Amino acid sequence: MHIPDGFFPISQAIVYWIIALVFIALSLRWAKREMSEEKVPLVAVLAAGIFAIQTLNMALPISVIPGGVSGHVVGAALAAIVLGSPFAAVFILTLVLVLQGIFFGDGGITAMGANIINMGVLGGFLGFYTYRSVNTVFRNRFCAAFIAGWISLFIPSIVCAVELAVAGTLPLAFGLVTMGVYHAVIGIIEGGVTAFALSLIIHARPDIVGSESPARTNKTKDMVIVAGIAIALAIAIFAPYYASIYPDGLDSTFLSAYGAKDTTTVHINESKAVLAESAVAEKTGNTFSWDAPLPDYTLPGLEKPGEVLAIIFGVLVLFILGFGISRFITRQH
Amino acid sequence: MIEELFYIEKTAYKDSIIHRLDARVKIVSMLALIIAMVALPYTPAVFAVGLVFFAFFAILWALSMLPPLVYAKRLLMVLPFGLFIILFQIFFTNRYYGVFHVIANLPFGIHIYAESIEFAAILLLKFVICVSAIILLSSTTKLHDMLEGAGRMGLPPEFALTFGMMIRYLFVFGYMYRKINESLATRCFDPFNSALPYRYRIKQLGYTVGTIFIRSYQQGERVYTSMLCRGYGRDSHIFIVKKPLRAIDWTFLVICCAFSITVPITIWLTTVRLY
């Protein structure tokens with residue numbers, strides 16, 4: 001998932017760098033406030049440890065070439081969970097990614113902003129909050145860590161595919177399917193290793209695992225989050241199979257008004273529909289049009305699975321946006 | 001990747017005119033080369049610029065007296081993800097071309113387009129040039145020199161200290177990683193052995209990761225405590241002595257920056273006029 005240089009136009013690379021810098025600054029503030037400045041060396045040494053952890057390779061659980069394809073752990077979820085803050089993951093992964101980019105050439109310099117956002121910011125935040133929510137609801141650390149590890153790898157890979165699609169260097173449908181499937185499989189390693197590593201750390205050094213005070217955990221809120229995500233994903237999977245292929249009320253009224261469709265039937269006269277659109281454009285003088293990234297809730301080239309993927313993607317983007325905005329608003333108070 | 005750390009650092013400790021250059025000069029020059037390559041739009045002009053840049057890189061590599069095999073090895077190590085995206089380009093259309101010509105039809109309605117092959121070649125060239133610049137930089141500059149160079153160029157002291165600590169302990173964990181691998185091998189454990197149940201393999205790997213995590217945390221605690229004993233505090237930072245650039249450093253810097261700017265502009269203007 002380390003995007004190399006040359007796959008983003010320079011303008012987009014700069015935008016990702018700016019976003020990444022905001023999170024790096026926030027993680028530095030966290031390090032100073034939560035860990036006290038003097039303890040920064042501890043995080044630095046831990047970053048070296050995470051770098052070593054990323055070197056441990058393992059065969060994929062499902063592989064066409066037995067033992068041929070391998071995956072390794074990123075460790076963002078583990079770092080965030082153990083140190084009790086997603087900013088810990090941002091801080092550590094930034095150090096690791098800078099070293100990988102500048103010293104090994106793994107991941108580009110101009111693309112480093114996007115890599116930090118994907119693996120550090122998204123990996124850390126998704127891993128941390130998924131673990132907290134699932135653990136509060138089900139009271140099962142192992143399951144929570146597994147799901148958190150899996151999500152911390154899968155969602156960033158989807159976002160990586162979208163970033164490359166926006167850059168025009170990887171078709172969206174192909175990127176989402178290949179990156180999604182590959183990382184969904186590798187995610188099993190990430191999830192499993194995160195869960196077993198966490199259980200070992202909890203038994204061996206319970207004092208270092210960041211704990212949430214009971215006052216700060218709100219079970220109802222977490223339950224609502226988990227149930228909400230589950231319902232939204234269930235709708236996303238089943239909706240395309242139950243969705244009507246016919247135009248909705250507003251579309252239907254518009255088409256009927258221009259004689260492109262009879263009000264009592266569902267048949268549309270395609271040529272008249274096109275004429276109706278141009279007539280409206282002429283009348284209103286509004287010729288603005290925009291090609292949606294996922295037109296009609298589907299991915300070009302894919303049938304039903306494309307619709308499912310498009311809706312799942314939309315749900316997750318809205319969830320991240322909504323969660324981010326609500327966190328921002330509540331922090332204001 | 002940590003295994004390569006020792007190998008790369010070994011090449012960085014050799015001696016040549018490129019090795020002796022100031023780290024700041026090499027960092028800025030290679031960054032200029034990368035930014036120039038990335039900033040170039042996805043047009044056939046990339047071919048000419050890329051080839052000139054590669055020739056320039058080849059001269060620098062020859063001056064560094066490092067064997068070409070070192071470069072080839074390191075390039076192979078970072079290719080997979082980029083190569084995966086580049087290889088699949090040929091089957092898809094993209095937004096950078098208006099018209100696409102099919103040159104081969106494959107089963108399942110898959111086509112290979114001439115323009116997409118050109119686009120894939122452009123991406124490959126951009127990718128290889130940028131990676132080559134990084135390989136040259138890290139193969140001829142010691143990690144600590146790079147850190148000092150970045151510090152002299154204004155890297156915040158908090159970052160310089162943190163990176164310094166990280167670099168120091170990378171090698172410690174490199175050795176630890178070797179030992180852990182050896183002990184796993186002694187116990188006949190192979191994470192790629194499909195005869196072993198998958199859950200068992202993940203569990204062993206998870207425990208190994210957990211162990212490294214705890215050991216690095218404990219190492220961090222020990223380092224922190226010993227640093228406190230030696231007077232480390234809120235205002236401590238790495239002491240970096242001032243080091244003026246020599247005439248040869250300035251010459252190299254000016255040549256590299258001028259080259260990175262003038263070559264793309266000249267070729268871009270020539271190509272635009274030709275079209």
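Mentor: A patch is made of residues with over 30% relative accessible area and no salt bridge, where like charges are joined within 9 Å and nonpolar side chains (Val, Leu, Ile, Met, Phe, Trp, Tyr) within 5 Å. A salt bridge is a side-chain nitrogen of Lys or Arg within 4 Å of a carboxyl oxygen of Asp or Glu. This is a predicted model, in which local features need pLDDT of at least 70 and side-chain atom pairs count only at pLDDT 80 or more, while totals for chains, interfaces and linings use all residues. Residues are numbered from 1 along each chain as its sequence is written, chains are lettered from A and ligands numbered from 1 in the order in which they are written, and side-chain values use heavy atoms, with hydrogens and water left out.

Trainee: How much accessible area do the residues of the nonpolar surface patch in chain B have together?

Mentor: Accessible areas come from the Shrake-Rupley method with a 1.4 Å probe, and for residues only the protein chains shown count as cover. The patch consists of Ile17(B), Ile59(B), Leu63(B) and Ile248(B). Their accessible area together is about 330 Å².

Trainee: Is Leu63(B) buried, partly exposed or exposed?

Mentor: Leu63(B) belongs to helix α4 (residues 45–63) of chain B; helices (H or I, at least four residues) and strands (E, at least two) are DSSP runs numbered from the N terminus. Buried means under 20% relative accessible area, exposed over 50%, and partly exposed in between (1.4 Å probe, protein chains only). Because its relative accessibility is 40%, Leu63(B) counts as partly exposed.

Trainee: What share of the residues of chain B counts as buried?

Mentor: Chain B has ten helices and two strands, in the order α-α-α-α-α-β-β-α-α-α-α-α from the N terminus. Among its 275 residues, the buried share is 48%.

Trainee: How far apart are the C-alpha atoms of Tyr113(B) and Phe92(B)?

Mentor: Tyr113(B) sits in strand β2 (residues 110–113) and is buried because its relative accessibility is 14%. Contact means heavy atoms within 4.5 Å. Not counting residues up to four places away in sequence, the residues that Tyr113(B) touches include Phe91(B), Phe92(B) and Phe100(B). Tyr113(B) and Phe92(B) are 21 residues apart along the chain, and the separation of their C-alpha atoms is 7.4 Å.

Trainee: Which residues are linked in a network of salt bridges?

Mentor: In Arg205(A) and Asp207(A), the closest N and O atoms of the salt bridge are 2.9 Å apart. Arg205(A) also pairs with Glu221(B), with closest N and O atoms 3.1 Å apart. Arg205(A) lies in the loop between α7 (172–204) and α8 (219–242) of chain A and Glu221(B) in helix α9 (residues 198–229) of chain B, so this pair joins two chains. The linked residues are Arg205(A), Asp207(A) and Glu221(B).
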